[in-house]
Amino acid sequence: MDDGNGLAGPSGDGPRRRGGVRRLPLRTVLLIVVFVPSLTFAPLLASGMNQLFTQWQAEKAQMDLATTTVGVPASALFFGLDQERRLTAEVLAGSASARAELTEQRRVTDQAVAAFRPLTALDVPDAQEGLADAIARTDRGLGLLAEQRRAVDAGRSGAQRAFDYYSGVLESGLGVLTTLGRTDEGQVNREAQALSDLYWVVNLLGREDAVLARGWGTGRLTRDEYVLVSDAVGARNHLMRSRVIPALKGDETPYAKLTDGKAWATMTAMEERLVTSAPEGDQVTLRGDSVAWRSSAEAVTGQLRQLIDLRFENVSKIGYDHARMVFTVFVSISSVGLLALALVIFTSWRLTAILRRRILHLRHEAHELQERLPDVVARLERGEDVDVDAEVRTLQPTPDELGELGQALNLASRSAVLTAVRQAEQHRGFQRMLQRIARRTQILIGLQLKKLDELERRHEDPEVLEGLFDLDHLTARLRRYEENLVILGGGQPQRRWRKPVHLLDVLRAAQGEVQDYRRIAIDVEGESWIAERAVGPLVHVLAELMENATAFSRPLTPVEVRAAPVSRGVAVEIEDRGLGMEPEQYDAANDLLRSPPRLDVMTHADDVRLGLYVVARLSAGLGLKVELRSSAFGGTRVIVLIPESLVVDRPRAVPVPEEVSSPREDARPAHEDGDLPARSRGRAMAHVTASASPERDDAPASSGLRPLPQRVRQASLAAELKVPAARDERTGQEFAVRDQPGRSSAAIGAFQRQSRKRRTGDDASRPGQGGSAESSSPTTEDR
């Protein structure tokens, strides 16, 4: 049965169950792996844990602020300012005994202020809402404390002004204490409300005490002071009866009888007499004893402070207990949730363990195939025989989806190896056929070059020789094209040299293999010699690049070739004036030159970059670095870096050419064992220097008409580029491949000029001109 991918079981009806073992289908296992973790309570658990942790963190931070960080300094400041307000009123009323107490109280208050001031820089993200503003208001009020004290001491501040200042700062401090009771826990907020009410009771009692301190000395109160006292008494009694006492519980209940005590009764009795006194104009007469009032007020204030401390401890206990309870819940839920999550993970892992092992086994087999297949291909490329059955390991199928996948992997492995073997055999066969055809063609080309040499030696007619030279040049190009086929087929050029060759001769040899060689101008700096093993491939590379430069530029524009030694070898630049290429095309070409791919000529027959493949192959073998760049003329500039390993010193066997001294010496070849050939009169193509020298240009000439140019075979080449006579005369099964490059443009140009002068008679020597004819050595333009 087909499974939809073109795969079937061994018998055509798919895999069958064996041994009665039934495994879960792969789809079922994957569904379990995907949906079980997704449907668990992991997201809810994470959300609940985060919420509980945040709540615990916030409550703990708020309780820390209320009990220690802010609560203690704010409470101390409140009681210190309350006492300083009363003593300031007594001093302003003329009490001499209160001066020392005020000084001591100011010191205590200053300590409380110093402890409170740093709270303005407090930055707690979980702090009670509005706490920072309340602290800032209190701090602004405390900023005027020193000025107010100086005014009191100098007598510039009245009793009412001092009273208003202290009352305002105390109300700001009460705002801080009230804000501390507004936490995120409702029970703490309810219990803290009674604590705030107790602070207000103390504040109202202090306001009343400070106003009465002014009247005990004179025995009278103004109407405004009377109103302040009456309002304070009424508000205090209301808070105590309706809000504070009903909220007391536990160990606080004994303080419910505070209003029934002797001190409270004495204080309220004196207040009743004051309130029921009839105003006499703008004043009210005080009735009572100031000492009794002082003792009862201090006793009641002390009891209220005890109740505040007890209430403060109870509220703190409630807040911290609730925070610990939240933390306990957080730890419990986290533990249970993590345990459940671990159970889910363990279950999922157990369910996927078998699946994972089987998939890993398949992956291991696939990786082995991935590593084995390139090795098989490499062995095939080396020409080794490969046994398909031995290279493919068969996986045992199982009756499920993974078993079908393993069977498909078996078929894919066998198909891949078998296809690689067939393609390698086809590729090797085609390469052998291509090289065989190219080699046979090279034999014919060698015979053709030999025949052309014979004809060139036999004929002296300038027109016939010019045609023969053109055929010789075309044949040299054809030889290079055939070598391209050999290189693309996996072979190497057959041309070899036994001695180093001058770089200029290498460039001239490459120039001679280009169709438009007359457009190429060569400029060489220095005396560089190329190792014998690199001469043939380097000539081929340079010829390909020169021909590419002439082919992709306008017909009449020059192609400049410059060579000069550099720090890492010798650099050859070939620059044309064509249209150039786009930047991405330069990048693609340079990538190909840096890393030449294995070229399958059957699939790249229409690729216009076959020349670049040849250059890349030869450059990789020699270690050349070839790079294409944009030219300043708009065309392309090719840089060929010949490494130092291919550049050798001048061979000792090649002597330095001597200056030509006489026409007789010019008549004979001036190159022996590597010396560059020198041009001689009467033989236009016999002795042509690779680089024109002034000494030889000025050589004397014989009088009379110049004879027709006589071509001497291989006279234009250096000794390193010549083919030995024994090798040139070989015939039979081994073809004669002529290692001589095509003739340079200088040689052909010299022949043409000499022929024209011969026909017009302009070359005859005339008296009065020194008896010498103008030298016909090739110029840079001729080259």
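Predicted model: local features only at pLDDT ≥ 70, side-chain atom pairs only at ≥ 80, totals over all residues.
The salt bridges in the model come to a count of 33. Side chains of opposite charge can pair when their charged atoms come close. One of these pairs is formed by Glu225 and Arg214, whose closest N and O atoms are 2.7 Å apart. This pair links distant parts of the chain, with Glu225 in helix 9 (residues 223–247) and Arg214 in helix 8 (residues 186–218), 11 residues apart. Glu225 counts as buried because its relative accessibility is 10%, and Arg214 is likewise buried, with a relative accessible area of 12%.

A salt bridge also joins Glu573 and Arg562, with 3.3 Å between the closest N and O atoms. Because Glu573 belongs to strand 7 (residues 569–575) and Arg562 to strand 6 (residues 559–566), the pair ties together parts that are 11 residues apart in sequence. Glu573 is partly exposed, at 22% relative accessibility, and Arg562 is partly exposed at 27% relative accessible area. A further salt bridge, at 3.4 Å from N to O, brings together the side chains of Glu627 and Arg629. Glu627 has 33% relative accessibility and is therefore classed as partly exposed; Arg629, at 36%, is also partly exposed.

Two surface patches were examined. Asp461, Glu463, Glu466 and Asp470 form a negative surface patch. Within this group, Asp461 is located in the loop between helix 13 (401–458) and helix 14 (462–488) and is partly exposed, with a relative accessibility of 39%. A nonpolar surface patch consists of Leu31, Phe35 and Leu39, which together have about 330 Å² of accessible area. Phe35 is part of helix 1 (residues 26–38) and, at 45% relative accessibility, counts as partly exposed.

Buried positions were considered next. Helix 15 (residues 503–512) is mostly covered, with 10 of its 10 residues buried. Among the buried residues of helix 15 are Asp505, Arg508 and Gln511, as well as Leu503 and Val506. In helix 4 (residues 98–116), Phe116 is buried, at 1% relative accessibility. The C-alpha atoms of Phe116 and Ser75 are 9.8 Å apart in space, although the two residues are separated by 41 residues in sequence. Thr636 is located in strand 9 (residues 636–643) and is buried because its relative accessibility of 10% falls under the 20% cut-off. The side chain of Thr636 makes a polar contact of 3.0 Å with the side chain of Tyr586.

Note on methods. Residues numbered from 1 in each chain as written. Heavy atoms only, no water. Patch = residues over 30% accessible without salt bridge, like charges linked within 9 Å, V, L, I, M, F, W, Y side chains within 5 Å. Areas by Shrake-Rupley, 256 points an atom, 1.4 Å probe, with all protein chains shown as cover. Salt bridge = Lys/Arg side-chain N within 4 Å of Asp/Glu carboxyl O. Lys, Arg positive; Asp, Glu negative; His and termini not counted. Charge placed at Lys NZ, Arg CZ, Asp CG, Glu CD. Helix = DSSP H or I, 4+ residues; strand = E, 2+ residues; numbered from the N terminus. Buried < 20%, exposed > 50% of the residue type's maximum accessible area, 1.4 Å probe, protein only. Polar contact = N/O pair within 3.5 Å; in protein donor to acceptor, adjacent residues only side chain to side chain.
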